[in-house]
Amino acid sequence: MPVPDGQSNHEPLIKLIDIHKRFGSLVVLDGIDLTLRTGETTVIIGESGSGKSVILKHIVRLLRPDRGQVFYRDQRIDDLPERVLAGLRPRFGFLFQLSALFDSMNVEGNVAFPVIEHTRRRRAEIKEIVRSKLAMVGLDGLQSQWPAELSGGQKKRVALARAIALDPELILYDEPTTGLDPPRADEINELIRKLQNELQVTSVVVTHDMASARKVADRIIMLYRGKFIYDGTPQSIMETDDPRVRSFVDGRSSDEILESLQEKDTE
Ligand SMILES: Nc1ncnc2c1ncn2[C@@H]1O[C@H](COP(=O)(O)OP(=O)(O)OP(=O)(O)O)[C@@H](O)[C@H]1O
Ligand SMILES: [Mg+2]
């Protein structure tokens, strides 16, 4: 989407340029380009196994491309040495596909972990950061609970509090609502929007859940066989007639869609 000049708050934060990635003979990314603009929430949809998590991992350099380049602002990061990259990592918050809390630490320990890792803050300051991040996700007071004592939705929210503990510029959410019932999923959608509004963070959300995609997205992109085949607004995606996109939007197989289109033609 073209951005008018002078909107400095919408400048590119991350750029992926012609990214190719294969594992053995499996081509997962076959030349993708993606620009994430400051303050925008981009949702990536696509079938299971299409490479959505692989894209997120390229953005934070958990994976490196076989070909192509990754930029954070004006800095190329795909070829940076790990010790330089370590300084940038706190700017990215990652909510992993499985919430992946540390079971041996209570809620406070989990949220405090990145703060202790990356800063030299004092105990009282750390406690206050943990409190404010838990408050943001609606869980202040649960500091001394253990992950095993939490519901699925609470675990996701603690993981989210941990992901924002260092006030990242960019938050990556990998399937944040999977496994939650609709009301709990909606709480997570609300949180994603709230973080975007209150902290002006840039976000990428990977999801299977179209209802969630439409609620949180400024922009929806669909990955299909290694390439992006759709890039548009949550409104426009509802009107597309590309059967590969429609099947995802409607939750039907693309064969069913093609059949119904053919039936229409013969009517
Ligand atoms: N480190 C890896 N080594 C080998 N193969 C991998 C690796 N990471 C991902 N893959 C393969 O790449 C493909 C894409 O994986 P990815 O996890 O990105 O899919 P996805 O779109 O996130 O799927 P889901 O919706 O099920 O999470 C899969 O076939 C997966 O097996
Ligand atoms: Mg995935």
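Before I start, a word on what I call an element: helices, of at least four residues, and strands, of at least two, are DSSP runs, numbered from the N terminus. With that in hand, please keep in mind throughout that what we have here is a predicted model.

Let me begin with ligand 1. Which element gives the largest share of the shell around it? That is α1, which supplies three residues. The residues around ligand 1 are Phe23, Leu26, Val28, Gly46, Ser48, Gly49, Ser50, Gly51, Lys52, Ser53, Val54 and Gln97, and the elements that contribute two or more of them are β2, spanning 26–37, and α1, spanning 52–59. If we sort that shell by residue type, four are nonpolar, seven are polar and one is charged.

Strand β4, residues 67–72, runs antiparallel to β5 and is joined to it by two bridges; for Tyr72, the bridge partner in β5 is Gln75.

Helix α3, residues 107–118, packs against helix α4, residues 123–136, at an angle of about 120 degrees, with the axes 9 Å apart. Because 65 to 115 degrees would count as roughly perpendicular and over 145 as roughly antiparallel, α3 and α4 are oblique to each other. The crossing of this pair is right-handed. On the α3 side the contact is made by Glu108, Val111, Ala112, Val115 and Ile116, and on the α4 side by Ile126, Ile129, Val130, Lys133 and Leu134; of these residues eight are nonpolar, none is polar and two are charged.

With helix α5, residues 152–163, α3 makes an angle of about 30 degrees, and the axes are 7 Å apart. Since angles under 35 degrees count as roughly parallel, α3 is roughly parallel to α5, and this crossing too is right-handed. Here Val107, Asn110, Val111, Phe113 and Pro114 of α3 meet Val158, Ala161 and Arg162 of α5, a contact that divides into six nonpolar residues, one polar and one charged.

Notes:
Residues numbered from 1 in each chain as written. Chains lettered and ligands numbered in written order. Predicted model: local features only at pLDDT ≥ 70, side-chain atom pairs only at ≥ 80, totals over all residues. Near = placed C-beta within 6 Å. Nonpolar A, V, L, I, M, F, W, Y, C, P; charged D, E, K, R; others polar. Pairing = 2+ DSSP bridges. Axes fitted to C-alpha atoms, helices over the stretch in contact; angles between N-to-C directions. Left-handed = near helix turned anticlockwise from the far one by under 90°. Contact = placed C-beta atoms within 7 Å.
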